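Please keep the sequence and the structure in view while reading.

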Amino acid sequence: VNYEAAKMMARLSRANGISRFVFASTCSVYGESDDIIDESSDLNPVSLYATTKIDAERALLESTDEVFQPTILRLATAYGWSHRPRFDLVANLLSAKAVTDKDISVFNGEQWRPFVNTRDISRAVIAALEAPLESVGGEIFNVGDNAQNYTISQLGQIVAAAVPGTVVNEVRNAEDPRNYQVCFDKIQEVLGFRAVMTLEAGIQEIVDAVVEGKVTDWKDPKYSNLKQM
């Protein structure tokens with residue numbers, strides 16, 4: 001789906017004379033790095049998901065011509081409320097689990113992740129669609145904010161602060177080696193984009209939604225992309 005569907009949509013767009021094509025990629029393409037990463041940094045995928053996103057990015061950019069001008073948005077780790085809230089996203093998952101279990105596990109807490117709220121993802125897509133085509137056509141933008149690079153341990157402490165009494169367990173394993181801090185200067189300089197939602201506010205929004213019963217069972221497979229498929 002990540003690769004073949006993206007190629008198919010690009011072919012359809014070119015055939016219909018569509019210029020603006022915004023592709024939702026991921027900062028997971030950076031994989032594992034001790035450096036602060038920008039759009040020109042080497043890619044180091046550690047999952048099939050990230051590898052197929054890279055393949056899709058390349059297919060789209062190779063299709064660029066005088067009409068078809070795709071824009072690649074590499075999204076930071078998403079969090080926050082949405083029409084179909086997802087609880088396979090680490091910040092949302094920990095927030096919901098804190099409410100119902102008062103006990104959360106943080107895996108490999110020293111690893112870094114950039115975060116971005118669902119509202120800000122939407123704002124970034126709109127900004128890319130409304131910007132002059134010469135500014136965004138054939139370009140790659142990391143989507144997020146320099147202020148929202150956090151370690152997984154820091155994330156756990158923010159969740160615990162939102163749900164007093166939550167026990168935070170630090171666990172180590174080798175299942176997910178991703179570790180990256182991301183620079184978001186380009187999207188700020190070119191599109192004037194800065195995040196308006198903080199991680200603390202987004203976590204509180206999820207906590208409130210679970211407490212108020214807006215989500216009756218956050219473990220339902222419909223709230224997880226993988227389980228739903």
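## Basis of the description

In what follows, helix axes are lines fitted to C-alpha atoms over the stretch in contact, and the angles between them run from 0 to 180 degrees between N-to-C directions. The model is predicted, and the values below should be read with that in mind.

## Helix α8 and its partner α6

Helix α6 covers residues 152-162 and helix α8 covers residues 199-211, and their axes come within 10 Å and cross at roughly 50°. Since angles from 65 to 115 degrees count as roughly perpendicular and those under 35 as roughly parallel, α6 and α8 are therefore oblique to each other. The crossing in which α6 passes α8 is right-handed.

On the α6 side the contact is made by L155, I158, V159 and A162, which meet L199, E200, I203, Q204 and V207 of α8. Sorted by class, the contact of α6 with α8 comprises 7 nonpolar residues, 1 polar residue and 1 charged residue.

## Helix α8 and its partner α3

Helix α8 also packs with α3, at an angle of about 45° and with the two axes 9 Å apart. That angle makes α3 oblique to α8, and the crossing of α3 and α8 is right-handed. From α3 the contributing residues are A91, N92, S95, A96, V99 and T100, while α8 supplies L199, I203, I206, V207, V210 and V211. The contact of α3 with α8 divides into 9 nonpolar and 3 polar residues, with no charged residue.

Which residues of α8 meet α6, and which of them take part in the contact with α3? L199, I203 and V207 are listed among the α8 residues that meet α6, and L199, I203 and V207 are also listed for the contact of α8 with α3.

The side chain of S25 makes a polar contact of 2.6 Å with the side chain of E57. Not counting residues up to four places away in sequence, S25 touches K53, E57, I72, L73, R74 and L75. For T26, a polar atom of the side chain lies 2.9 Å from the backbone nitrogen of S28. Leaving aside neighbours within four places in sequence, T26 is in contact with Y49, K53, L73, R74 and L75.

V182 belongs to strand β10, which is made up of residues 179-182, and V182 is buried, with a relative accessible area of 1%. Apart from neighbours within four places in sequence, the residues in contact with V182 are C27, Y30, I36, I37, P114, N142, N146 and N149. V182 and W112 are 70 residues apart in sequence, and their C-alpha atoms are 9.2 Å apart in space.

A160 lies in helix α6 and is buried, with a relative accessible area of 14%. Beyond neighbours within four places in sequence, A160 is in contact with T166 and V168. From A160 to L226 the separation is 66 residues in sequence and 26 Å in space, C-alpha to C-alpha.

## Loop positions

Most residues other than glycine have a negative phi. Against that background, K102, although not a glycine, has a positive phi of about 55°, and N108, likewise not a glycine, has a positive phi of about 55°.

Is each of these residues buried or exposed, fully or in part? K102, in the loop between α3 (90-101) and β5 (103-107), is partly exposed, with a relative accessible area of 38%. N108, found in the loop between β5 and β6 (112-117), counts as buried at 2% relative accessibility.

A further loop position is P164, placed between α6 and β9 (167-171). P164 is exposed, with a relative accessible area of 63%. P164 and R86 are 78 residues apart in sequence and 23 Å apart in space, C-alpha to C-alpha.

Methods
Residues numbered from 1 in each chain as written. Predicted model: local features only at pLDDT ≥ 70, side-chain atom pairs only at ≥ 80, totals over all residues. Heavy atoms only, no water. Helix = DSSP H or I, 4+ residues; strand = E, 2+ residues; numbered from the N terminus. Parallel < 35°, antiparallel > 145°, perpendicular 65-115°, else oblique. Left-handed = near helix turned anticlockwise from the far one by under 90°. Contact = heavy atoms within 4.5 Å. Nonpolar A, V, L, I, M, F, W, Y, C, P; charged D, E, K, R; others polar. Buried < 20%, exposed > 50% of the residue type's maximum accessible area, 1.4 Å probe, protein only. Polar contact = N/O pair within 3.5 Å; in protein donor to acceptor, adjacent residues only side chain to side chain.
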